[in-house]
Every structure is written in structure tokens, then in C-alpha cells.
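These are my notebook entries on one structure. I record what I looked up, entry by entry.

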Amino acid sequence: MSLAYWSEDKSQTSDVFQEPITKPVASQHILAPPTQPVPPPSRAIQGSRETRLPVDTMAAISKYLTAKNSSIAGGVLLLLYILKQRRRASQLNCKKGSALVQKNDKEGKKERAAVDKLFFLRIYRILRIMTPRFLCMETGYMVLIAVMLVTRTYCDVWMIQNGTMIESAIIGRSAKDFKTYLMGFLKFIPAIALVNNLLKLGINELKLRFRERLTQYLYDQYLQGYTYYKMGNLDNRISNPDQLLTQDVEKFCNSVVDLYSNLSKPLLDIGLYIFKLTSAIGAQGPTIMMAYLIISGLFLTRLRRPIAKMTVTEQRYEGEYRYVNSRLITNSEEIAFYNGNLREKQTIHSTFQKLVDHLHKFIFFRFSMGFVDSVIAKYIATGVGYLVVSRPFLDLSHPRHLHTSQSELMEDYYQSGRMLLRLSQALGRIVLAGRDMTRLSGFTSRIAELMKVLKELNAGKYERTMVTQQEKDPGSVSAKLALVPGSGRVINADHIIKFDHTPLATPNGEILIKDLSFEVMSGANVLVCGPNGCGKSSLFRVLGGLWPLFGGELTKPERGKLFYVPQRPYMTLGSLRDQVIYPDTFEEQNRKGISDQVLKEYLDNVQLGHILEREGSWDMVQDWMDVLSGGEKQRMAMARLFYHKPQFAILDECTSAVSVDVEDFIYSHCRTVGITLFTVSHRKSLWKHHKFYLHMDGRGNYEFKPITEETVEFGS
């Protein structure tokens, strides 16, 4: 009878309950069919006498042309072809130019992924994050899975013994024994179903809890300070953090739990079946099976080595494909104005084609390895099991079977054969688990790289391709200036902003101003002007702490007392209240003692009171990026500025879509509430609201002077 009672769980039992092709012997006397006389073979006369083959030679050759031998020969040829293709590919790679070799070496170091000491060290570090304490829910579910796996293994043994007794009762025509053992099997079904579903529950819950722990840890690091900004704008080691934080984390957690469950069950099976078989057929059989496991495992692990790197490459291409699609959504309006749909289609198709080409190679490689895995880890392992279990039965002088009846011999063989078959299949699954471990090493490499980059960014260290000033202008003074990111000193002080001999440079080392020095006290508004690319936005990024200092000293208020209002304000997901108090929450608003009536006054100050009347409630949730016009979003950002009341505010063309009269009121109100402004604008009407101007010419020069009646105002 078929014992596929675990067939619901494919990951555990895809090959567990394939019964050996063993038919119960109905009688002790087996009648063979009568032997027919074989007619003498005839010879075909083809060509001359010298080309005729003897019949016995052809028969000897045809004896080896069986389906089994043909399959083995085909597998060997396919394996040789794979090795030859890999050797040819490595030779082609060695012939490429030196620049490409350097690039590949860099990527290889970055994407190193293999089942080695480093892999186990990375897994250990990540597991400490996912299981922070010895007594936690994750540990409890791991114990539950282990207990259920042990229980399932004992259920396997019981089912083998009970199935053997049922079939023995059928062969012996004992209705009483048949009913007894069948009723025992039926009584056992609820326990089997409970164990099976408890195991599924433990596996699914453990996957979810691992993902929850790891995701929370990574986002705590990713959203610490300005790390999320630095990863995309300062550091160029990780191009698609969203891919890593979502899909890769999920795949990693699933792979870890699947590997744990897929390895635990075979290891338990091996331990139990070796104990049972040693007492049944001796220790020689299990020893042979274990030796086969070690040899085949080492061989297959060597062949599977490329899987880890191919997995890393696959995830990187998936991230790039996801990124180009998200860019299309984010910039859909600009692309539509340019009629750039065909160009974007070409970009998306080329990115997708690169992913598809890689997946084609990966699929073919997995097909090739799957063929070799099936032959070595499944079928040859089963054949070795047959050879081992047959030794005591085919040896007529074996003391175990000298005085046993045919039915006892059949029962002993059937029970031992099933156990040894299960042992061979458990060994095969362990060998195949190496394939899952190799793929897991790819995900582990990417998660470990993300954790490393997050840790270094939070420590103030980043890696980026730097601009060499000697290559740009060997004779320039800036070529002699050594730039070290983070070498400048930041001093926190209230009511003052002071640059003291600070180089203004981009994160990749391009110097915009060699030596910047000026001081602004509270109450003295500054108008920042100059051509595009002169360094206005770079100045504010350094002032806001987004970019590192390359030297000198910067004195400024601490974080929270300096507010930035961009030209395209950000509208968060949430209610109308959230748009005004962002990034505060409703609880933080209450702690500050600011009522909704005060928020209404802020909206009135920027002439947005009608929005509250139109929406009807502060708790109304809308897609505010679409609901509000460009001018309304800029005025909402100014209402947000009034709510936070910082010491200094940076206004980066943030009133370009606002009328002049509303703009005058906003600047006057900022002076009234004591907010000092750094303004980037090309409007002449704003000069009267400022005391100083900072002009950058775009060639490394600047001037910081007070605005007087003699100052020449420029702009529109």
C-alpha cells in the first residue's frame, strides 16, 4: 500500500514515500515459466566477408545498450559539456581588457558569495538579530519545529512497521489481524494530521517572525539620522536599498527557515534509521551509505559553486528593473511633457532583457545541476541502498536468516528495505540541501553587505568614486588641497551660523569654493544668489548636515532648530493636520500645547484657511500631492515653518509659485516670529527683506556683503 500520508508538505516529502518495487510473495514455491529453446541466430550478409560481424559479438554489445546505461552515459556527457563550457567561459574572461578586469575584480569582491567560513559567520550574526534572546518566541517556534520533526520521524517508523503488518496479514489471509492493524492505522490518522499542520504552523510563523525582527532592525539603522539620504546620495555601494529591504529580506528569511526544516528532518531520519538498521543488518550498510553521502556531497558542492554569485546577480538585476519602473511612476508628468514614452520603453526593455538573459542562463544551469543532483543524490543513492540491504538476504550462509520462514524473510526484508530506502532518501535530501544553502549564501551576502554599509554610514564613513583634482586642472590651487570627508568640525550653538575656512565641496570631492568664511547672527536675513551650479544647494546641504565637511569649522544650531523649505514641498501620507505639523505626530502636537485653532491661524496666515473649510475636518485623509496645487503646496510648507518656529530657515525658491503680496506677508511674519532666513530667489522684490547677500560666481569665488542703498539688485 502507498504510505503518502505526508504528501501535503512537498518540501519535506517529495521523495520520502516512494516505495521500493517489492511485491509480497504469495507462496513459498515460485513457478518459473518453461524455458523455450532459442533458435540459432541468423547472419545478415552485408558487403564482403571481411565486414561481417559475428553474432556473439553483436549480442555482447547489445547487452550493454540498455536504457539505464544509455542514461548514465548521457549524464556523463552532459557533465563533461558543462565543465567544458565553464572552462571556455573562464578563458574568454581572461582575454578581456585590463579596465574591464579591474571592474570585474571590484564587483567580485563586493559580491563574494559561497558556502565557506565567511558565510557561516554572516549567518551567525544575522541569526543573533533574529533571535535576540535564548527565551523568545522565535526560539519557541524553532523548538516546536524540531519536536514536530522528531514526532514525524517516529510516525514514519510506526507507519513502516504497521504497513508491513497489514500487508503480512493480507498475504497470510488473516482477517482478524488485518482489521486490528487497519483500525490502529485509522486511529492514528488524527495524530498524523495534527503533527503535519503543527509543523506547517511553526514554519510559517518562524518565517514571519524572522522577517519582522530583521526588517525592524534594518529600518532602525536605515532611518537613523540621515542614513537613508546618505545611502542614495553619498555612498554608491548599494544602488537599490528598497529591493534589499523588502524582497531580499523576505527571501532570506524564507530560505533560512526552509533550510532549517529541510536539514533537521533528514538528520533526525539518519540518526534513527542508522540505529534501527545497525541492529537489523549490521553497521556495514549504514557506513557505506554515509561514505556515499560525504563523497557525493563534496562533488556536488564543487559543481554548485556558481549558484551563489548567480543569485546575487539575479537580485541586483531585479532591483535595477524595479528601479526603472519606479522612476517612470515618479517622473511620469515630466516624461509625458517630453513625450518620452518610447525612450522610457527602450530603457525598461533593455533593463528587463538583461534580467531575462541572466535568468535564461540561470535556468539552464539549474537544469544541468538538477539532472546531476537527481542522478547522484536520488537514484544512485537508492541503488546503493538496494545493494546494501540485499547483502544479508543474498548471502545464504548469513546467520540471521538460516532458520527463518519465507514469510518472516519477506517481512524482515520489507521492513529493512523501507528503512534503508528512507535512509538513502534522507542522505539524498541532505546532499540536495547543499543547493539551497548555496542559494542562501547569495541572499546572505546581500543582507550582510547592507548591514555593513548601514553601520559605516551611521559611523560617518562612506565610499564613493572621488574626483581627482589633478586630472581636472593640474595647475589649480585646489589640486594641492587634500580633501578628507568628515575632517571638518561642527559646533552646535544657538542663534548663529558661521563658516570658518570651510571648503565647499561635493561628496565626490569636487571643490566649488576653496575657502568659505562668513558669520550670520539671528535676525539678519541672507539672500543667496548666483548662477546655476555655483554651489547654492551644496551650501544648504552642508549646513543641514546632509553632506560632510572637508575641513574648517561650522557653527550652527543643533538639529531641529534649522528648517529647510524646498521648491517642491513634500506632502506626507496622512490627514490635513499631518501636512501642517510634519514631521511631528498628533501626540507631539499636544505635548507642545498647540491647539487646532492655532493651526487654523497658520493656514490663514498663508491664505489656506479655505482648505480646512473645504475638507471639513483636520482628520480628512487625501492624496495631498494631487489635491493641492503647486502654489498651495508651497504655502502649506510655509504654514509648516510657522508651526515649528525654528531659529533659522532655508527657503530654496519656495515661493516661486506664490503671488508677490502673499510672499511679502510671509516674509514679514517670519521677521515678526523671529525666524532668520537664508533665501534662494531670483525676485528683486525679496531684497528688501534681507540684510546681507551671499553671491557665488560659479568659478570658485564668492562675496558676502551687507545690503545697502548702493547695492545693485539683480533678478526678475
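I took contact to mean heavy atoms within 4.5 Å. The model is predicted, and local features need pLDDT of at least 70, side-chain atom pairs count only at pLDDT 80 or more, and totals for chains, interfaces and linings use all residues. Residues are numbered from 1 along each chain as its sequence is written, and side-chain values use heavy atoms, with hydrogens and water left out.

Entry on Phe-648. I found Phe-648 in strand E9 (residues 648-652); helices (H or I, at least four residues) and strands (E, at least two) are DSSP runs, numbered from the N terminus. Phe-648 is buried, at a relative accessible area of 0% (buried is under 20%, exposed over 50%, partly exposed in between, with a 1.4 Å probe and protein chains only). Leaving aside neighbours within four places in sequence, I listed the contacts of Phe-648, among them His-495, Ile-497, Val-520, Leu-562 and Phe-678. Gly-674 lies 26 residues from Phe-648 in sequence, and the two are 8.8 Å apart in space, C-alpha to C-alpha.

Entry on the sheet. I traced four strands in an open sheet of mixed pairing, ordered E1-E5-E2-E3; two strands pair if DSSP finds at least two bridges between them. At the edges are E1 (489-492) and E3 (511-521), each pairing on one side only. Strand E2 (residues 496-505) pairs with E3 in the antiparallel sense over seven bridges, and Phe-499 stands opposite Phe-518 in E3.

Entry on Ile-189. I located Ile-189 in helix H7 (residues 175-222). Ile-189 is partly exposed, with a relative accessible area of 37%.
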